[in-house]
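The tour goes from one selection to the next.

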Amino acid sequence: MDTAALQETPLHDVHAALGARMIDFGGWHMPVQYGPILDEVRTVRNACGLFDLGHMGRFHITGPDAIKLVDKVATNFCAKIPVGAIRYALFCLENGNPIDDVLLYREEQDVFIVVNAGNLERDLAHLQKHAEGMDCEVIDQSRELDMLALQGQHSEAILQRLVEDCDLSELKYYRYTWGTLCGIPNVRISRTGYTGEDGFEVYIPPSSSKVVWENLLVQGADLGLKPIGLGARDTLRLEAGMALYGHEIDDNHNPIEAGLSFGIRFAEEKGDWLGREALLAVKADPKKQLIGITTDGKRVPRQGHKLFRGDTEVGYVVSGSVSPTIETNIGTAYVTLGNEEVGTELELDINGKRQACVVAPQPFYSRTRK
Amino acid sequence: MRPDDRKYTKAHEWVLLDGDVALFGITDFAVEELCNGNEGDLVYCDLPEEGRTLEAGETFGEIESVKAVADLNAPIGGVVLETNEAIEEHLEILSTDPFKKGWMVKIKPNNKNLDGLLTAGEYEAYVAEKAH
């Protein structure tokens, strides 16, 4: 692999020293695993994991029209998000298909947005284009603000050991606050994540990344905290029923059929926005639906595998993984309507060989569902 | 140093001539790439039917880890005589002993010329370069 052209996060050398296996992820040289991927999944489910998310994009939209801009380009209703709250949204084109999915952090006047690494340049150009004529500025803070995630049931206890002046037990899910972390003042701390576990994401100056990373690992050691790579992150999000751009959604897959309506607001007061008309049409007459599948067979469903019901091709896989949490192989797939009912028996076509699978309830895993 | 009694491909397969038959397998480097030294990360290995005729370079099977699938390609052509069924149930053999117990396919080669393939020394150099 030619790694010279890849970007590196402030923690790149730390991963190398930990013996991580590094891969190209969205143009970044990132740790895919430090040890066995399935063990890393279990660590997050049973204890706690630390993730380097330095590759993700972080934008600050500032100015009197910041919220107006976001309500034009994003699917959620930014003006209605309470200050201090966070919402999932997508940036769609006129055709209703997304160029990215994002988190919106609502401030008094401004909006802070976290985007996917691989879509950063396109998102930035898109936002800047639609900001023309508006009284706001789109600032890419990705290089001046690093990002770590702490995920798992011990996250609050571990992070609190390093956070002064704010009580994390009072921070609710999908809310953010400001605190002093490892002596660094005014750190944005959000109760968010991409694993299905309780957890936090923190935004720190890159010059402090190593100090915070190492302090967290030391402070969390007694509670089982370990560094976790992107391989486990993908399995964790899939188990938790969370979409990944490039799989469940992309230039050709709209968020309605992907089951992401919770991030879309058609309310008249939001005004018109990019993709609204197209998505209303999809909502009125969807053609396919994203489903979960489980399979007892040995093969793991992979993006691109076709799905059959008898002799009829009814869909295709978009994500797949071994799931150590529910102890079977899992995947997500699109099927034409009429094949989406839980319990429907389908077959995977893996290079001409058939393997039985069944439509499973989503999400595969929920920490609150017993 | 990897065994020098056999030849290697740039796709990390090996071939060992033994009288009238030849064995195929994959190298420790291939296994490492797939599972990073964690044998539990290997989930599946698909080997060909006995009697199948393989052309040199033809894909005869697949090996799958938690996060990746790799094709298995025939270093030389021939007819499949036997496959190593122990692998399908005990994928860890590929991690612990890829060059002996981890053989995958036994073939009757249609030609015993291995000139186009890498020697152990050449393969070492190729892998060392890739690791940088």
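Predicted model: local features only at pLDDT ≥ 70, side-chain atom pairs only at ≥ 80, totals over all residues.

Residues are numbered from 1 along each chain as its sequence is written, and chains are lettered from A and ligands numbered from 1 in the order in which they are written.

**Chain A as a whole**

Select chain A. It holds eight helices and 20 strands; helices (H or I, at least four residues) and strands (E, at least two) are DSSP runs, numbered from the N terminus. Chain A has a radius of gyration of 21 Å, close to the 21 Å that the globule rule gives for 370 residues, so it is as compact as a globular protein of that length. That radius is taken over C-alpha atoms, and the globule rule is 2.2 Å times the number of residues to the power 0.38. Along the principal axes, the C-alpha trace of chain A spans about 65 × 50 × 45 Å.

Of the 370 residues in chain A, 48% are buried. A residue is buried if 20 or more other C-beta atoms lie within 10 Å of its own, exposed if 12 or fewer, and partly exposed in between, with C-beta atoms placed from the backbone.

Next, color chain A by domain: domain 1 (12–54 + 144–239), domain 2 (57–140) and domain 3 (288–370). These bounds come from an automatic or database domain assignment. Between the C-alpha centres of domain 2 and domain 3 of chain A the distance is 33 Å.

**Helix α4 of chain A**

Select residues 120–131 of chain A, which form helix α4. Its twelve residues reach 16 Å from first C-alpha to last, close to the 16 Å expected at 1.5 Å a residue (1.5 Å times one less than the number of residues). Which residues of α4(A) are buried? They are A:Leu120, A:Asp123, A:Leu127 and A:Ala131. These cover an arc of only 65 degrees around the axis, which puts them on the same side of α4(A); the arc is that of the directions from the helix axis to the C-beta atoms. An α-helix has 3.6 residues a turn, so residues three or four places apart point the same way.

Turn to the other side of α4(A), where A:Glu121, A:Ala125 and A:Lys129 are exposed. The partners against which the buried residues of α4(A) pack include α3 (66–73), β5 (86–92) and β6 (98–106) of chain A. After the helix comes A:Gly133, with a positive phi near 85 degrees.

**Chain B**

Now select chain B, with four helices and nine strands. Its radius of gyration is 14 Å, close to the 14 Å that the globule rule gives for 132 residues, so chain B is as compact as a globular protein of that length.

Select residues 28–35 of chain B, helix α1, where B:Ala30, B:Val31, B:Leu34 and B:Cys35 are buried. These fall within an arc of 105 degrees seen down the axis, so they line one face of the helix. Just after α1(B), B:Asn36 has a positive phi of about 55 degrees.

**Where the chains touch**

Finally, show both chains. Ten residues of chain B are in contact with 13 residues of chain A (C-beta atoms, placed from the backbone, within 7 Å). On the chain B side, four are nonpolar, three polar and three charged. Ala, Val, Leu, Ile, Met, Phe, Trp, Tyr, Cys and Pro count as nonpolar, Asp, Glu, Lys and Arg as charged, and the others, Gly among them, as polar.

How values were computed
Contact = placed C-beta atoms within 7 Å.
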